Amino acid sequence: MKRRITKILMFICLCCLLAGCSKKEEEKVEITMIHGWGSMEADHVAMRRIYEEFEKEHPHIHLNLIAMPSSTDVIGKVGDLLTVGEIPDIIFTGGDGRESVYSFMVKKGYAVDLIPYIEEDEEFAGNVSQVVLDKWTTNEGKLYTISDVLLMGGYWYNEDIFEQAGVEKVPETWEEWFEACEKIDKMENDVIPVILDSNHISYLMAALLANENVSTLDNIRDSRMNVNTPAFDRMLDQLRAISEYAILAGDYNYRDTLSGFNNEESAIYINGVWASSMIDEKLRVSYAPFPSDDGKGIATRSACVGYILGNTKDEKRMEASVEFLKYMLSEPVAYRILEETGQLPSNPKVEISEELANGRLYDAVEKTKEADHYIEVPANLWSRKIQTAYGQNLIMYMEDKISIEEMHKNLEGLF
């Protein structure tokens, strides 16, 4: 009889234990994130590893990761889901999608306002960059996206090629830039000053317009200016002058132009400081802000569209998504982003030291800080449609395939 009672008690305990485990399993929250870190490049692999390790600190949350090869693929995937009424918990578009996914989700109420979560968590608030807040807080005081990195940029240059060409100092004015390009162009080898793809042209155009007058750039960004103006034409003249020393490659992307720079086919590579880890470590390279007529330099410093959290109406999922965002902005993860990917964390508490950042990245950041004029990256100035149209038309104009009048006609409808 005692043995029977013991078996019954053991059975009851086992049932309670299984019920408890089942309850715990039911309480685990599952969220889905779609991101564009899907390639096998080192920084992509590192970011995926950081994402995957989120669950170690938050075992009650299961993060279902959907990796896409690029930001363009993310935008397409999310667009398809939103069309049928499915809202992902977390979206990372890699800086793109301001005019598509971001604006659509904000307009439809599909994006979570992050301000209430920031206001109730002092540590979280301290990890959010003022650059992010200044750029993305709406007029109504709402915040629908936060980036874990900042974008700072000018251009990389090959020190050996500059020295061989007789370029004794880094160009501070556009006149000095042209003089440097002229010297490089006259070298006996086949090195060209710069390869220009449509992305590079967007950066150059922004720098040239800001050099002309910052308000000119603001007006074009805000669709208040007709491109048929003397200021725009002067920018075109300068861009055409630059193109005389360049290979125009409208079908190139940053990887193609990077390859040309790494192979020492070009002396200048226009990209952000984050590209430091992708440049051949055997090359002797340095960084510089874009020139300006006053010699004080122009550089980009901004935060693009970052993580967008889906307003799924499921409080547990939304809170779990906020926990992921807090994780990505935390100091330990921010330092990992710096050391493992070569990107600049947006967390204002992180110090970019020479010990933590590789030498090139640290030097590039310091050089960018020397600029007196800061502008937004093209992705924050113009939609992808406008950037593409600009790139295509500017290349056709510089190749004498269309006249300046045709250029005006093609671009006027964009604003």
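Biologist: How accessible is E182?
Modeller: E182 is partly exposed, at 28% relative accessibility. Partly exposed lies between buried (under 20% relative accessible area) and exposed (over 50%), with a 1.4 Å probe and protein chains only. The areas come from the Shrake-Rupley method.

Biologist: What sort of model is this?
Modeller: A predicted one, where local features need pLDDT of at least 70, side-chain atom pairs count only at pLDDT 80 or more, and totals for chains, interfaces and linings use all residues. Residues are numbered from 1 along each chain as its sequence is written, and side-chain values use heavy atoms, leaving out hydrogens and water.

Biologist: Back to E182. Which residue does E182 form a salt bridge with?
Modeller: K186, with the closest N and O atoms 3.4 Å apart. A salt bridge here is a side-chain nitrogen of Lys or Arg within 4 Å of a carboxyl oxygen of Asp or Glu. K186 is exposed, with a relative accessible area of 62%.

Biologist: How many salt bridges are there by that rule?
Modeller: The count is 19. One of them joins E53 and R336, whose closest N and O atoms are 2.7 Å apart. That pair links distant parts of the chain, 283 residues apart: E53 is in the loop between helix 2 (42–52) and helix 3 (54–57), and R336 is in helix 16 (residues 331–341). Helices (H or I, at least four residues) and strands (E, at least two) are DSSP runs, numbered from the N terminus.

Biologist: And what does R336 do with E340?
Modeller: Their side chains meet in a salt bridge, 2.8 Å from N to O. Both residues sit in helix 16, 4 residues apart, about one turn of the helix. Through shared partners, salt bridges join R49, E53, R336 and E340 into one network.

Biologist: New topic. Which residues make up the negative patch on the surface?
Modeller: E119, E120, D314, E315 and E319. Patch members have over 30% relative accessible area and no salt bridge, and like charges are joined within 9 Å. D314 is in the loop between strand 10 (305–309) and helix 15 (315–329), and its relative accessible area is 31%.

Biologist: Now strand 8. Which way do its side chains point?
Modeller: In strand 8 (residues 285–288), V285 and Y287 point one way, S286 and A288 the other, and all are buried.

Biologist: How does strand 8 pair with strand 4?
Modeller: Strand 4 (residues 149–158) and strand 8 pair in the antiparallel sense over 4 bridges; pairing takes at least two DSSP bridges.

Biologist: What stands opposite Y287?
Modeller: W156 does.

Terms used. Patch = residues over 30% accessible without salt bridge, like charges linked within 9 Å, V, L, I, M, F, W, Y side chains within 5 Å. Areas by Shrake-Rupley, 256 points an atom, 1.4 Å probe, with all protein chains shown as cover. Lys, Arg positive; Asp, Glu negative; His and termini not counted. Charge placed at Lys NZ, Arg CZ, Asp CG, Glu CD.
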